[in-house]
Number of protein chains: 2
Amino acid sequence: MTIYKAPLDDLRFALYDVLHAEATLTQLQGGEGHTRDLLDAVLEEAGRLSEALLAPFNASGDEEGCKYDKATQTVTTPKGFKEAFKAFAEGGWTGLTQAEHFGGQGLPNTVGTATTEIFQAGNLSWSLYPLLSEGACHAMELHGTKEQQDTYLKPIVEGRWTGTMCLTEPQAGSDLGLLKTRAEPGDNGSYKITGTKIFISAGEHDLAENIIHLVLARLPDAPAGSRGISMFIVPKFKLNADGSPGTRNTVVASNIEHKMGLRGSATCVMNFDAAEGYLIGQPHKGLAAMFTMMNAARLGVGVQGLALSERALQNSSNYARERLQGRALSGPQFPDKPADNLLVQPDVRRMLLTQRAIVEGSRTLLLYTSLQTDVEARGVDEVTRKNAGELVAFLIPIAKGLVTELAQESTKEALQVYGGHGYIVESGVEQFVRDARIITLYEGTTGIQAADLLGRKILQLQGAGFKLFLQEIQAFCQKHAQDAAMASLIAPLARNAKEWADLTLAVAARVQGNPEELGAAASDYLYYSGYATLAYMWARSVAAANASSQSEAFKQSKRDTAAFYFARMLPRCLMHKAAIEAGVGTLPAVA
Amino acid sequence: MTIYKAPLDDLRFALYDVLHAEATLTQLQGGEGHTRDLLDAVLEEAGRLSEALLAPFNASGDEEGCKYDKATQTVTTPKGFKEAFKAFAEGGWTGLTQAEHFGGQGLPNTVGTATTEIFQAGNLSWSLYPLLSEGACHAMELHGTKEQQDTYLKPIVEGRWTGTMCLTEPQAGSDLGLLKTRAEPGDNGSYKITGTKIFISAGEHDLAENIIHLVLARLPDAPAGSRGISMFIVPKFKLNADGSPGTRNTVVASNIEHKMGLRGSATCVMNFDAAEGYLIGQPHKGLAAMFTMMNAARLGVGVQGLALSERALQNSSNYARERLQGRALSGPQFPDKPADNLLVQPDVRRMLLTQRAIVEGSRTLLLYTSLQTDVEARGVDEVTRKNAGELVAFLIPIAKGLVTELAQESTKEALQVYGGHGYIVESGVEQFVRDARIITLYEGTTGIQAADLLGRKILQLQGAGFKLFLQEIQAFCQKHAQDAAMASLIAPLARNAKEWADLTLAVAARVQGNPEELGAAASDYLYYSGYATLAYMWARSVAAANASSQSEAFKQSKRDTAAFYFARMLPRCLMHKAAIEAGVGTLPAVA
């Protein structure tokens, strides 16, 4: 049995002290009401819901899994999932960041990120159902007609229906250009969609009255490859004239996957057998439309890494405090007890501080990036919006790639703190490791994030976002140049930023000469960039803590973790730099 | 469904070309017959058995798991396990490295390590049953009376019975001094053992007629802590006068654990309720007796890391070769196919080469260490034996600690190569990740290995083994100083060895001043030492390949992987050095 308590203090610290979220959000277009009071109330309520209705069903949901009934081709979700979804919908959470004219609450993405962390930490499997809906809503908001929005988007925002994204096919994963699902003209401007989609999260379940699938398929006249893909709305139940679910459409889940983790989330094989669908957006522009949602989706998966890392940390800290085993190297610290607790061991503290540096650094990075998405959407002037958009484009692959990879490490270290007990299912901590293993794979593998960062964001876009981000770091270093309390962080941060810039230029030059160098450098460049980015987040956290009215213990904890990060994690850049500089020559053909 | 083929070519290369195992083994006392011909025949036969009887039941064994029947307190192992154990026993494998006068084959540990890799890669869960028996045999060989050996050891060597090691209790894991199991005098010099042991591998199963438990417990007059622990033989069935299993003893499995992986291995909670037991070895010296088996046990767990990494690599290589997805960065490589395979991606080759560097480097290290255990046992003179023993003592925590941690990385990368498909149980690769997760925990966590390396092997033993190992590396560098084909490896190897030596002195000095510095440096020192050790193994492999009559493709593959290792993995030493130098000040108290 694992514990979970929404980390409201740390969330508030990151939002208000470090990122000045209230000042930023209230100055955005339509953001007047987004005060700290409102946001705090939202966070607290999210915490209550997650702690009471989600967290208790996390382990049982994994144990039970989703049940697929072959006869009816339906999926039953684990105990507690339905009730939680009902409460979630009734609380207005399904529309939290959706526009008010669709029935949503119109709150900033930044708040959505914070509450999503809380819900995902409570129960990651469960959280997939609303997360996929959110993606489908964004797609319809951006690309649907008014009628499509009224018909399909609103009921999802209201939490009566849910949505999916149907992209992957057995032969087409990272390379969607290979997809084969066909769309043929049907009655009244509709299409008949035929094909098989795999890995469809929330493709079938018992939480809602209807499921709206957004499906990528090819029109008869489609060009080959990725430029011949269109997007379609395919409802599970076709609608009656009044908009209520009517006749069953010919799209069914033909099975669910048996997975390493995330077992409460229904991952479906979906068969479309001339299912009725409706074109959304322009013909052959489906992939581009899908990509407009990519940033939100990838950020959301990054948040999953944070959420799992946070919950794993809460439990491993707790275990280390309570488990009595061995004695301190310098003599008993609890002589009246049969043994000292694990916290007296420096190596255990190393594991806990590693997790803490990952958790809090990741949170700051994800909230920082989310705040920029809000500025991009609703900033007061075009330059502000454009700059924010460039920052977002640059930071998304870092945030997704690094945070999900670090979640592998932090959940692994959490389990390690438990010793052999962590390997037992009952401990609950091994589930975090299993659940975490998917997040470096879906919504683009780490390799895909790395290629996006180096190939697209640095090279194709000429590092527009990177330059802005570097300027911001330099300005921060400048601002704190005379700040004695920051001296131990500013010098290495500035050195690291300079090295990052130099390394980027050198890599860019090398790739000009040979495109294969891109693939040889990309992953290590992603890691280097990630650690450099977290260094800035940690330096900002310390500056914010020093300037805040937080307790001395709270401030010291931030300083300690930052010092740990700079001394023991930032040097990972050294090995990534060496690997980047090694070049493609060290990656010859393998048999 | 995963593949597995015993890697005989690589095993032979490591044994004969790199380590000159035949020359070494045939010169040992009683080693005249241990020729290459004999060893090759053993390896081939092990390969056949593993491929035919173990590998096919690896996934199904995980799916099925062990079944515990509460009414009879018995365990049923998965399908295929019984047949495999029968064939294993009939083939004489249960006594492979046991002395001939106990019915064993008296083959060297080096051969045992090679065949154990093959069996563990076939089915790790299954391999736990004979592995635990081997440990129990060693204990009885070293500490039992002749009568105890004849009575309990021989039937295990013959494969009719199996053995266990009963150490851990709920409150006593890494800290065995806390254990509470009591031994009270009984009839005819026997003892009544009472207590609960947890995490007992092979504690109960259906593979053999009897199970011989070696149990740590306290005599009535025992001093507190680790100096008051004695070892007892407790058979599942007490013996009839003719030595056959008779009355059921009062030791039962009261449950089996539900684990993250290794689900075909019965991990039992054992209840001893005044069970009849017999003291083995001296009173109160049980922990020391247990520790005499530690090297073999830890080496065996290191081999588990190698075995899982090898099988994961075989499957991820295969997948990367067959999966068509995307195109090469510099243009299509298979223009007549719908897509190129994954091998054209440098980032995928990076993942495969990482795995290969881990697998082959680990294998050389483990076989090197095993060879030293043979020299330690049967070397021609005392100095030779003593030196080998010091090398073994030094290398065991490195081999166990590093190889098991690297197995986390290599199985993780193997899964990553599969993309989302790797997360599906059906792929088989996620099982390797789950199975691997235990090996950094049992037989001493990585933290315990690190403390053993730095605290005991470096500081207490004044680095005796380290000095010998360094001398060997220096001699190797000297020998190849003028070898142009080795130039790119020798210089960095020599630099790294020098830095390792300097770092060791600096750490030792720091620990003198503050014992807490030991815990602060140990894990990173273990990793640094591990990467430095693998660098030497890789340099030796290249020198051996160059000098061998292997095919040019084989030689080039060794050179490529070594170049990859030196360019992209050895630089990890940089970050570990930084972390070591950061000291205990960066690991303050955490709440």
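This is a predicted model: local features need pLDDT of at least 70, side-chain atom pairs count only at pLDDT 80 or more; totals for chains, interfaces and linings use all residues.
I'll start with how the two chains relate. Chain B can be laid on chain A by a turn of 180° with a shift of 0.0 Å along the axis, and the RMSD is then 0.0 Å. That is the relation of a two-fold axis. The two copies also use the same surface, since 100% of the contact residues of chain B recur in chain A.

Next, the annotations on chain A. UniProt, in an unreviewed entry, lists residues 82-159 of chain A as "domain: Acyl-CoA dehydrogenase/oxidase N-terminal". In the model that span is 71% helix and 0% strand, and its end C-alpha atoms lie 12 Å apart.

Now helix packing. Two packed helices are described by the angle between their axes and the distance between the axes. Take helix 6, residues 109-122, and helix 7, residues 124-143, both of chain A: their axes are 6 Å apart and the angle is about 135°. How are these two helices of chain A set against each other? Helix 6 and helix 7 of chain A are oblique to each other. On the helix 6 side of chain A the residues are A:Phe119, A:Gln120 and A:Gly122, and they meet A:Leu124, A:Ser127 and A:Leu131 in helix 7 of chain A.

The other pair is helix 11, residues 346-378, and helix 18, residues 552-569, again of chain A. Their axes come within 9 Å and cross at roughly 100°. That makes helix 11 of chain A roughly perpendicular to helix 18 of chain A. Helix 11 of chain A brings residues including A:Arg350, A:Leu353 and A:Glu360 to the contact, and helix 18 of chain A brings residues including A:Lys558, A:Phe564 and A:Arg568.

On to the cysteines. A pair would have to be within 2.5 Å to count. A:Cys477 is buried, at 8% relative accessibility. In the other chain, B:Cys573 is in no disulfide either, with the nearest cysteine sulfur, that of B:Cys477, 14 Å away. B:Cys573 is buried, with a relative accessible area of 2%.

Is B:Ser410 buried or exposed? B:Ser410 is buried, with a relative accessible area of 1%. B:Ser410 sits in helix 12, residues 382-417, of chain B. Leaving aside residues up to four places away in sequence, B:Ser410 touches B:Ser309, B:Gln355 and B:Ile358.

A:Phe199 is not a glycine, yet its phi is positive, near 60°. A:Phe199 lies in strand 5, residues 191-201, of chain A, and counts as partly exposed at 23% relative accessibility. B:Glu443, also not a glycine, has a positive phi of about 55°. B:Glu443 is in the loop between helix 13 (429-436) and helix 14 (446-460) of chain B. At 31% relative accessibility, B:Glu443 counts as partly exposed.

Terms used: Residues are numbered from 1 along each chain as its sequence is written. Chains are lettered from A and ligands numbered from 1 in the order in which they are written. Side-chain values use heavy atoms; hydrogens and water are left out. Buried means under 20% relative accessible area, exposed over 50%, partly exposed in between (1.4 Å probe, protein chains only). UniProt positions are given in the numbering used here, feature names are shortened, and annotations may be inferred rather than shown by experiment. Helices (H or I, at least four residues) and strands (E, at least two) are DSSP runs, numbered from the N terminus. Copies are superposed by least squares on the C-alpha atoms of residues with pLDDT of at least 70 in both. Contact means heavy atoms within 4.5 Å. Axes are lines fitted to C-alpha atoms, for helices over the stretch in contact, and angles run from 0 to 180 degrees between N-to-C directions. Angles under 35 degrees count as roughly parallel, over 145 as roughly antiparallel, 65 to 115 as roughly perpendicular and the rest as oblique.
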